[in-house]
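User: Please take a close look at the charged side chains in this model, and follow them from there into the strands. I would like one connected account, with the cut-offs stated for each term.

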Amino acid sequence: MSDTDRTLIDTTRAHRERMLGALAHGPQATRRSVNTNVGRLLGSVILGAVICCACLGTSFVVNLLEDRKQQEAISAFQAAAAANPVLPGGTVVKDDATGFLLDQATGEYTDPRTGFVVDPVTGYATDPEGKLIDTRIGWYIDPATGYYTNPTSGITIDPQTLTVVE
């Protein structure tokens with residue numbers, strides 16, 4: 001068999017396959033555009049699902065970390081409220097009426113935890129920035145609301161309900 005005969009047979013076979021494909025699936029131009037659009041649609045749906053899963057996972061992790069931070073703040077508040085203050089010594093004695101340290105030489109009351117001078121009537125000390133500190137636990141207090149703020153993390157909680165205040 002010569003090369004021209006093989007070429008003719010291959011060409012005829014290719015034409016028959018094209019005709020059979022056109023008969024079974026329609027014209028070739030229509031088939032290509034449908035297959036391309038279906039692939040794009042399927043790719044878009046898969047990409048959208050991946051993006052949704054990533055957003056959901058990120059939201060879950062961020063919420064979990066925020067909850068953990070709030071629980072740590074509440075635990076720190078409870079631990080600070082139960083902590084034992086520093087013991088007095090020298091000319092400084094513990095005043096049984098207030099629980100503060102009284103310097104007998106100056107007559108000033110001092111917070112045993114922070115070393116700040118304390119107002120014996122309210123029991124609050126003022127730090128160098130002017131914020132009031134509840135001397136029992138070492139947290140900032142807002143006298144208007146009664147909310148406590150952790151000086152380390154900055155999280156504010158309501159001591160009555162033990163919930164985080166935004």
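Analyst: Arg-13 is partly exposed, with a relative accessible area of 47%, where buried means under 20%, exposed over 50% and partly exposed in between, computed with a 1.4 Å probe on protein chains only. The model is predicted, so local features need pLDDT of at least 70 and side-chain atom pairs count only at pLDDT 80 or more, while totals for chains, interfaces and linings use all residues. Residues are numbered from 1 along each chain as its sequence is written, and side-chain values use heavy atoms, with hydrogens and water left out.

The side chain of Arg-13 meets that of Asp-10 in a salt bridge, at 3.3 Å from N to O; the term requires a side-chain nitrogen of Lys or Arg within 4 Å of a carboxyl oxygen of Asp or Glu. Asp-10 has 44% relative accessibility and therefore also counts as partly exposed. Because the two residues are three apart in helix H1 (residues 3–25), about one helical turn separates Asp-10 from Arg-13; helices (H or I, at least four residues) and strands (E, at least two) are DSSP runs, numbered from the N terminus. The structure holds one salt bridge.

Asp-103, in strand S2 (residues 101–103), is buried yet has no salt bridge, and the nearest side chain of opposite charge, that of Lys-94, is 17 Å away; for charge, Lys and Arg count as positive and Asp and Glu as negative, whereas His and the chain ends are not counted. Beyond its neighbours within four places in sequence, Asp-103 is in contact (heavy atoms within 4.5 Å) with Thr-91, Val-92 and Glu-108. Val-92 stands opposite Asp-103, and three bridges join S1 to S2, which run antiparallel.

These strands belong to an open sheet of three, in the order S1-S2-S3 with antiparallel pairing, where two strands pair if DSSP finds at least two bridges between them. Strand S1 (92–94) and strand S3 (109–110) stand at the edges with a single partner strand each, so one side of each is left without a neighbour in the sheet.

Another charged side chain, that of Lys-131, lies over the face of Tyr-140, 4.8 Å from the ring centre; this needs NZ of Lys or CZ of Arg within 6 Å of the ring centre and within 35 degrees of the ring normal. Tyr-140 is also among the contacts of Ile-133, a residue of strand S5 (residues 132–134) that counts as buried because its relative accessibility is 5%.
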